Structures are given as C-alpha cells and as structure tokens.
Amino acid sequence: MSTVIPSPTQSPTAAPAPTARPPRLLDWRLRFGLLSLIWGFSFLLIKVGTGAYAPFQVTLGRLLFGTLVLVAAMAVKRERLPRGGRTWAHLTVAAFFLNALPFSLFAFAELTIPSTLAGICNATSPLWGMAFSLVALSEDRPTRIRVAGLGLGFLGVLTVLGAWQGFHGLDARGNALALLASLSYPVGWIYVRRTLAGTTESHLSMTGAQLLLATAQLALVTPLFTTLPAHFPVLPLLAVAALGALGTGLAMLIQYGLVAEVGPTTAQMVTYFVPVIATVAGVTILGESLRWTTPVGAAVVIAGAALTQVRRKG
C-alpha cells in the first residue's frame, strides 16, 4: 500500500517515490517467513511479559526497545527525523492509533485471554480495514467478493468466540479489548493515507518518528497508572526486550523492505500466517488449551480477510 496494510505490530507510514535499492542479503521469501515468525511469537512474548509487569509497562518497554532499533538504523543510514509541525502533528495521531493504543490494548487483553486468541483477534484487522475504507476512502469500492469476505470473516469471529455454544466460558472484556486493538490499526492506517500519503520523507524517518512519539505517549501515561516494580524478573524482562527489538523495531525494517521489493499485496499476506504461528506457539510453549472452535473459526477469519483484499481487475 502506499501505506502498509496493518498487522499486529505494524505502523504504516506514507510511501515515498520508489528508488533503486541494493541487492538483499536474504531472499524475500526468507524474510517473509522470518517476519511471520516474529509477529506470530509477539503474542506469546506479551503473555510472558504481562506475567510480571503491568500492561502499560510492557507496552512502554516494547516501544522503547523498538525505537532504539529504529534510531540505530537511522544513524547507520544517516537519516534525519522528519521536519515540519504539520507532519509531526499527524504522526502523533498515527502513533496513538497504530502503536500506543493497540499495543496497550493487546497487553491488557492478554491478562485474561490466551495469547492464541489474541493472535486470532488480530487477524480481523483487514476486516475492519475493509469496512472502514468503504466509507472513508473513495477509491475503495465494494465488490460482491469483498462484501462476502467481510461477512465470512465476522462469521469466523463468532465461531472463535463460541457463539454456537452460547459464548460459554467467554471472557468478554479480554476479547473486546483484543478486537478493539485490531480495529485501531485500520483507523490509523486510513488516517495516514488521508493525511501523509504525499510525504517525501523516507519510511525509516517517518517510522522512527512515529515510534518515538508513541514512546513519549506511554512514558506520560505509565507513571500515572503503575508503580515501579520492586523486582525485575529476568525472563519477562527479556520477553519485553525481544518484543520491542524484534517484534517492533526489526519487524518494521523487514516489513518495509518487503513492501519495497515485492509490493504491498504480497507483503500483507504475512497477516494470514500470524494467527497460525501464534496458536502453535501458545499451545506448544505456554500449554494453552485449544477448543475446536478456535482453529476452525481462525481459518474462516483468515479466508474472509483474504477475500476482502481481492481487488477489481482493470
């Protein structure tokens, strides 16, 4: 996309004009697989981190470590932060909807729901995005296939939540927070498309500024609602560091490289692998339980999300 389709840790920014790029050290398919693994395991890392630290603390740490990776990349490439008050104002809004808000909501959600379910809820982002774009973006026109995908996707959500069993055992608050987090991404994505689509700044510069602003937002909020931990358990701390450095910072660098090389349509397909990896990681490593409605509903959600991305030819 001139902006990138939102994903769990994604923060789309406007695309500059294409430029010649040097050969990549790794084939794009390997980087695609690596990005899928990183984002898939992010939900497990959130669960481990919130086992010892407050959700806002996990999110602040995640943003801090992610920002450090982007700042280091900018230093290596000798890129500067964007200029202009208008750009920074729009990036402040983008940082809230694409980073600060969804990251926090997922962290709070995983206090009461499994990481597997959070990963599946994240896969609804393309569904929300399609629904919103039909209203907010004049270039996105509905087609029968896309509308069918929207309906199928939300049918999958009902299946995941166990609607056919009367929502038995459902944690309404946790699931609502996870779905709100996935909804936040397309809101931010559409905002970026409408306000920053014509920017000439580089992806790296814009993303670095966006993460910096999101970190500042959490730095203001976290002390108001949490207290400094008396102890710093090592494993959860390492999980937060990995979540930020890999799941946010490195993932964004890989993502934008993929978009530049193979285009947004192919790059966005990573979204459909994330819930699968999140489910496998949660079940095998954390020992989370898995009802039949979860994988069946997830498959329906992914199929619906894929259909919403089908564009009219010509």
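**Exercise 1. List the buried residues of helix 6 (residues 144-160), and check the length of this helix.**

Solution. Start with the terms: helices are DSSP runs of H or I with at least four residues, numbered from the N terminus, and a residue is buried under 20% relative accessible area, exposed over 50%, and partly exposed in between, for a 1.4 Å probe and protein chains only. By this rule the buried residues of helix 6 are Arg146, Gly149, Leu150, Gly153, Gly156, Val157, Thr159 and Val160. The model is a predicted one, in which local features need pLDDT of at least 70 and side-chain atom pairs count only at pLDDT 80 or more, while totals for chains, interfaces and linings use all residues. Residues are numbered from 1 along each chain as its sequence is written, and side-chain values use heavy atoms, with hydrogens and water left out.

For the length, the expected span is 1.5 Å times one less than the number of residues. The 17 residues of helix 6 should therefore span 24 Å, and the end C-alpha atoms are 24 Å apart, which agrees.

**Exercise 2. Find the salt bridges in the whole structure, and describe how exposed their residues are.**

Solution. A salt bridge is a side-chain nitrogen of Lys or Arg within 4 Å of a carboxyl oxygen of Asp or Glu, and the search finds two. In one of them, Arg29 joins Asp27, with the closest N and O atoms 3.1 Å apart; Arg29 is exposed at 53% relative accessible area, whereas Asp27 is partly exposed at 35%. In the other, the side chains of Glu261 and Arg31 meet at 2.4 Å, N to O. This pair links distant parts of the chain, since Glu261 lies in helix 9 (residues 234-262) and Arg31 in helix 1, 230 residues apart. Glu261 is partly exposed at 39%, but Arg31, at 9%, counts as buried.

**Exercise 3. Work out how the rings of Trp28, Phe32 and Phe273 are arranged in their aromatic cluster.**

Solution. Rings of Phe, Tyr and Trp (its six-membered ring) pair if their centres lie within 6.5 Å; planes under 30 degrees apart count as stacked, over 60 as edge-to-face and the rest as tilted. Seven aromatic pairs are found in the whole structure. The rings of Trp28 and Phe32 have centres 6.2 Å apart and planes at 90°, so this pair is edge-to-face. Both residues lie in helix 1, four residues apart, about one turn of the helix. Phe32 and Phe273 also form an edge-to-face pair, with 5.6 Å centre to centre and 90° between the planes.

Methods. Helix = DSSP H or I, 4+ residues; strand = E, 2+ residues; numbered from the N terminus.
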